[in-house]
Amino acid sequence: MMYFRDDEEGFPLQEVGNGNEPLLPTQHNSFVPRLYDYVLVADKVEDMEDQLFKKQDAFILELKRKNIRVTRVENDGKLFFGVRAPEEIFAKYKYLLKVSDGCNWSGEESCDSSVSFCTRIRIVHFILNNTFIGSGEGLKDLLCQGAFETMFCLHEKKEQKKLKKKWASWRSVFRLFQQPVTDIKDYFGEKVALYYLWLGWYTRMLVPAAVIGTVVFLYGLAFFNTSPLIHEVCDSDIIMCPRCDKRCKAWNLSDTCIYAKVSQLFDNEGTVAFAMFMAVWATLFFEVWKRHRSLYVSKWNVFDWCEDEEELILEIVNNPQCKPKEYRHSYLRSTLVLLLVTLVLVVIIGLTQALVICRVLASILFSRSQWYLLREHATTIAMLIGAVLHYITIQVMTRVNKFVAFKLCEIEETRSFAATERSFTVKMFSFQFFTLFSSLFYVAFFLGRINGYPGNYVRIAGEWRLEECHPSGCLTDLFIQMAVILVLKQTINNIFEFTVPWVKLFFKRTKTKKKSRKCGNCYRKACRETDGNIEQCDLCKLRDWMTNYDLTDVNAFSLFNEFLEMVLQFSFTTIFVAAFPLAPLLALINNIFEIRLDAIKMVSLERRLVPKKTNDIGVWNKILEVVGVMAVIANGLVIGISSDFIPRLAYRYRYGPCAVSNSNGVDCMTGYINNTLATAFMANLNVKKDFQELMTEGGHNVTQCSYKDYRSNEDQSLTSQFWFILALRFAFVILFEHVVVICKFIAAWFIPDNPNRVKNHRLDDKLRRLKKEFMEASEFYDTRSTEV
């Protein structure tokens with residue numbers, strides 16, 4: 001059964017003036033909105049003495065006191081409250097926009113025209129969240145207590161159909177550069193539109209990065225059969241030291257032939273140039289993005305928009321007697337939050353160490369396995385398991401990090417939601433960044449460098465040897481780790497992100513269709529005219545509300561989740577790109593589908609997001625700048641410290657055949673692999689204590705084995721070549737970072753933030769507005785003079 005009640009009683013608004021000031025515009029506009037601005041949903045309470053019912057009724061009464069029309073609909077044990085604000089509220093909003101300092105004419109062309117439905121939703125959303133009952137409780141408190149179940153704004157069928165056709169469909173998947181961002185702005189607000197504008201621009205800029213990264217990868221592939229390093233590994237008869245103690249056996253260097261070929265794909269001369277390119281690319285992307293953004297915010301008339309003034313305007317519209325929320329700062333709270341953030345980061349780094357221990361134990365267990373496949377590939381399998389565990393840790397810690405970040409924001413007691421959002425964004429990104437990258441930083445800069453050497457291994461709890469780099473090089477481990485995390489994170493997240501809302505909606509719609517058949521059908525022609533301004537009948541209202549009610553719920557941080565996912569991907573694409581040149585290509589492929597997936601989800605599977613006005617992507621700009629700087633540092637360290645680029649360079653020009661004037665046609669890198677190895681002898685008591693006995697897979701006893709390090713064979717001390725290469729590594733890192741930073745500064749200086757056409761457009765707009773104000777003032781004074 002359905003019951004309808006339209007509560008239209010209200011209270012007249014007062015107009016204030018002193019005879020010389022213009023009265024606030026309060027005339028009713030001829031436009032009658034077809035949709036309600038907002039819908040509140042609550043469970044029906046039979047007992048009228050129930051506290052929840054009283055609070056629910058008190059809140060509705062407070063809305064009526066603000067002259068807001070509330071239509072109550074009962075259906076199947078649910079109460080739906082359709083909320084529609086009077087035109088006077090929006091007229092006041094437009095007037096205050098015009099007389100403000102920073103928001104004047106911001107996005108609204110004239111006080112005589114009606115506001116868009118997008119603007120109506122934003123204003124009503126603010127009023128609902130800033131309406132309080134006698135006990136001081138607001139809508140947020142009532143939702144937590146169960147007085148109301150949920151709240152949502154309505155999709156517009158005509159505009160929704162238009163967006164589906166032009167944008168939110170799989171047919172548009174390859175229209176990368178044809179997003180209707182202005183239509184998105186008109187429907188979802190400037191904040192969502194800027195997200196898709198940024199995502200589209202980021203995806204477009206990934207094209208050259210993906211092409212060059214693929215070329216670097218193919219460059220390594222082209223030298224598969226000609227590289228002397230690969231031949232030296234594959235044809236080697238060198239016996240290597242066991243990977244673990246006790247049951248592990250010595251192995252042949254030639255066993256790693258395949259991994260040496262894989263390492264050649266990304267650890268080659270082209271990687272250095274590509275890393276430099278990506279560091280400059282990150283700056284170019286950010287600088288050109290600022291120009292691209294300014295074109296659109298100027299077009300949307302929000303270039304000079306001011307967040308504080310917008311907030312004050314909405315406060316006055318909601319309550320003319322309001323007081324401004326003052327800025328406050330507590331050093332005690334800030335210190336407490338800083339200490340807690342540090343504690344959380346320490347815990348996250350501790351989880352990274354736990355993953356290291358898991359990999360060490362897995363490697364030992366697999367090395368002792370009776371299965372040949374596990375025993376032979378123990379290091380690789382352990383690294384893969386570590387990467388999968390890292391991915392699982394990321395998924396779990398994402399929820400923990402979100403909870404902790406919210407609690408820290410509550411401790412801070414920020415003055416507004418916008419301030420809370422900024423603070424939450426910084427904390428959540430920091431937590432997620434450490435969760436994702438702590439393990440990668442360990443693999444890139446510590447793995448294989450702190451594990452010791454035969455006779456003096458570093459052990460966990462005095463028993464388990466620390467893991468070593470992959471036999472083909474430390475960069476192979478970083479490559480495997482990044483590939484697994486990036487592929488799993490993008491594919492699995494996108495699958496769940498789309499299928500879960502779709503499945504939920506499918507079952508909800510099936511259940512709703514059965515109920516809607518009992519309600520009958522509407523044959524009113526006006527209800528079927530989607531472009532008309534005639535209000536729908538009660539049956540159509542309910543069906544429209546139920547359709548929106550069945551959609552997946554959204555909140556103020558729904559867009560934040562999408563932004564966080566993309567900025568973390570941007571971090572993956574730039575920070576360790578030297579170890580994984582295919583990262584931009586994978587990111588490009590993901591984003592081609594991500595744009596449409598998010599669009600379909602937003603338009604068809606989720607409730608409508610509350611439109612938010614803004615002229616920038618906010619604190620994400622600062623985060624992108626920080627990521628760009630970190631990309632320079634990390635890539636310089638990866639090439640200088642983690643890769644074999646510097647040792648190869650030193651060998652070619654100082655220690656190899658080409659260091660001698662007459663090399664007799666021998667390749668300059670001949671003998672490089674053997675040069676990087678040191679020998680451990682069983683005659684050394686410390687070595688014998690570690691290995692007890694050296695046995696090969698064939699069952700032969702050996703008296704010596706090799707390991708990767710620059711150490712003397714006699715006393716295992718570091719050689720002069722080690723110190724020379726170490727000095728070269730540090731010199732390269734300093735040189736690389738200085739050159740790239742200079743290039744970044746030149747790019748940032750050379751590309752202005754605002755194009756000339758934007759500056760000229762703003763100049764013309766200001767001149768036009770000043771002329772109009774001057775003409776209005778002239779007419780006013782001429783009229784006064786005539787009267788006098």
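Tutor: Start with a definition: a disulfide is a pair of cysteine sulfur atoms within 2.5 Å. This is a predicted model, where local features need pLDDT of at least 70, side-chain atom pairs count only at pLDDT 80 or more, and totals for chains, interfaces and linings use all residues. Residues are numbered from 1 along each chain as its sequence is written, and side-chain values use heavy atoms, with hydrogens and water left out.

Student: How many disulfides does a search of the whole structure find?

Tutor: Three.

Student: What makes Cys241 and Cys705 a disulfide?

Tutor: Their sulfur atoms are 2.0 Å apart. The cut-off is 2.5 Å, so the pair qualifies.

Student: How do you know whether Cys705 is buried or exposed?

Tutor: Buried means under 20% relative accessible area, exposed over 50%, and partly exposed in between (1.4 Å probe, protein chains only). Cys705 has 1%, so Cys705 is buried. Cys241 has 6%, so Cys241 is buried too.

Student: What handedness does the disulfide of Cys658 and Cys668 have?

Tutor: The torsion about their S-S bond is about -75°, so this disulfide is left-handed. Both cysteines lie in the loop between α22 (645-655) and α23 (672-675), ten residues apart.

Student: Why do Cys658 and Cys668 get the labels they have?

Tutor: Set each value against the cut-offs. Cys658 has 28%, so Cys658 is partly exposed. Cys668 has 18%, so Cys668 is buried.

Student: What about Cys234 and Cys257?

Tutor: Their sulfur atoms are 1.9 Å apart, and they form a disulfide. The S-S torsion is about 80°, so the disulfide is right-handed. Cys234 is in helix α8 (residues 228-234), and Cys257 is in helix α9 (residues 257-266). At 23%, Cys234 is partly exposed. At 16%, Cys257 is buried.

Student: How do you know that β2 pairs with β4?

Tutor: Two strands pair if DSSP finds at least two bridges between them. Six bridges join β2 to strand β4 (residues 78-84), so they pair, and they run antiparallel. One of the contacts sets Ala42 against Leu79 in β4. Strand β5 (residues 150-152) also pairs with β2 in the antiparallel sense, over three bridges. There, Leu40 stands opposite Met151.

Student: What makes strand β2 (residues 38-43) mostly covered?

Tutor: Five of its six residues are buried.

Student: How do you know that the span of helix α10 is close to the expected one?

Tutor: The expected span is 1.5 Å times one less than the number of residues. Helix α10 (residues 269-299) has 31 residues, and its expected span is 45 Å. Its first C-alpha and its last are 46 Å apart, which is close to that value. After α10 comes Asn301, whose phi is positive, near 60°.

Terms used:
Helices (H or I, at least four residues) and strands (E, at least two) are DSSP runs, numbered from the N terminus.
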